[in-house]
Amino acid sequence: MEIAFTILLFIALVATAIAIVFIKRLFAVVMLSGVFSLLAALLFIVMDAVDVAFTEAAVGGGISSVLMLGTIALTARTQKQPERYSLVPLAIVLLTGAVLIYGTLDMPNFGSPDAPAQRHIGPEYIARTPTDIDVPNIVTAVLASYRGYDTLGEVVVVFTAGLGVILLLSGLGRRRGTPYPRGVSANRDQDNAQ
Amino acid sequence: MFIFATIAVFVCMVLLLVRLFAGRSMYDRVLALNTFGTCTVLFIGTVGLASGRPDFLDIALLYALINFVGTIAVLKFFRYRRLGDAPEDAEMIQSTHDAEASN
């Protein structure tokens with residue numbers, strides 16, 4: 001079941017990526033990139049990486065969609081047709097993909113018990129968590145206790161990022177600069193109706 | 001049983017993808033994205049139950065929250081063409097700015 005869903009989700013991912021390349025209306029592209037992130041998150045969940053999936057959904061589907069919408073509000077809403085098509089970007093993308101696939105050849109198989117992550121330090125955490133910390137979830141024990149300082153640093157980073165987002169969205173710069181002209185919302189509504 | 005439910009949810013997601021690709025108007029696409037998020041929540045729940053881990057439901061709830069906030073942001077962008085503040089806010093700033101200028 002897991003393999004079948006992985007393949008189906010990969011097909012949907014590739015279809016979404018191809019649609020993103022061909023659609024010219026940037027608003028639709030933002031919607032599709034949100035869907036792309038949700039599909040990637042589902043793929044991670046099917047492959048049992050729940051925490052990675054949640055990061056992907058929060059960053060890709062949540063904040064980056066909002067940031068891209070803000071960018072569209074400041075720039076144009078349709079993609080310009082390029083004057084001529086160049087093959088260099090395609091070559092770079094194919095080369096990078098080939099290098100990444102080559103890099104996976106040395107990695108252990110998916111879910112393999114012989115992987116270094118399973119053999120190096122994992123068994124010790126599993127053995128010591130019930131006596132050391134006594135919480136049912138070992139991941140929680142590792143994150144909150146064994147790597148407590150690391151998690152504290154991450155929380156500081158997340159807090160700073162949140163402050164930055166609030167400052168960006170609250171329009172601090174605009175308030176100090178020139179405000180919007182009057183009647184702008186009425187004109188915009190007419191644009192919407194057309 | 002849960003596997004059939006998961007397959008049904010996945011079929012719904014494929015149909016929504018078709019709507020997103022073809023998308024007649026922007027509102028179709030917004031609705032499709034919102035429904036896609038809901039389907040994601042359902043998919044996580046059914047996958048978790050099918051593989052015998054009902055604790056996935058907590059994670060699905062978080063996805064519902066992200067989906068809600070994202071949809072609100074998109075709709076606010078539609079209504080006001082900006083994300084930070086509403087036009088009333090901007091008009092208030094304008095009036096205070098005018099008052100300061102006249103003083």
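Reader: What makes L15(B) exposed rather than buried?

Author: Its relative accessible area is 57%, and exposed means over 50%, buried under 20% and partly exposed in between, with a 1.4 Å probe and protein chains only. L15(B) is therefore exposed. This is a predicted model, where local features need pLDDT of at least 70, side-chain atom pairs count only at pLDDT 80 or more, and totals for chains, interfaces and linings use all residues. Residues are numbered from 1 along each chain as written, chains are lettered from A and ligands numbered from 1 in written order, and side-chain values use heavy atoms, leaving out hydrogens and water.

Reader: Why is the group of 50 residues called a nonpolar core?

Author: Such a core is a set of buried Ala, Val, Leu, Ile, Met, Phe, Trp, Tyr and Cys residues joined through side-chain atoms within 4.5 Å. The largest one here has 50 residues, and those with the most contacts inside it include L9(A), F27(A) and F43(B). In soluble globular proteins, nonpolar side chains tend to be buried together.

Reader: What is F43(B) in contact with, beyond its neighbours within four places in sequence?

Author: Contact means heavy atoms within 4.5 Å. Among the partners of F43(B) are F5(A), L9(A), V9(B) and M13(B).

Reader: How do you know that the buried residues of α6(A) are on the same side?

Author: G122(A), Y125(A) and T129(A) are buried in this helix. They cover an arc of only 40° around the axis, so they sit on the same side of α6(A); the arc is that of the directions from the helix axis to the C-beta atoms. On the other side, A127(A) and T131(A) are exposed.

Terms used
Helices (H or I, at least four residues) and strands (E, at least two) are DSSP runs, numbered from the N terminus.
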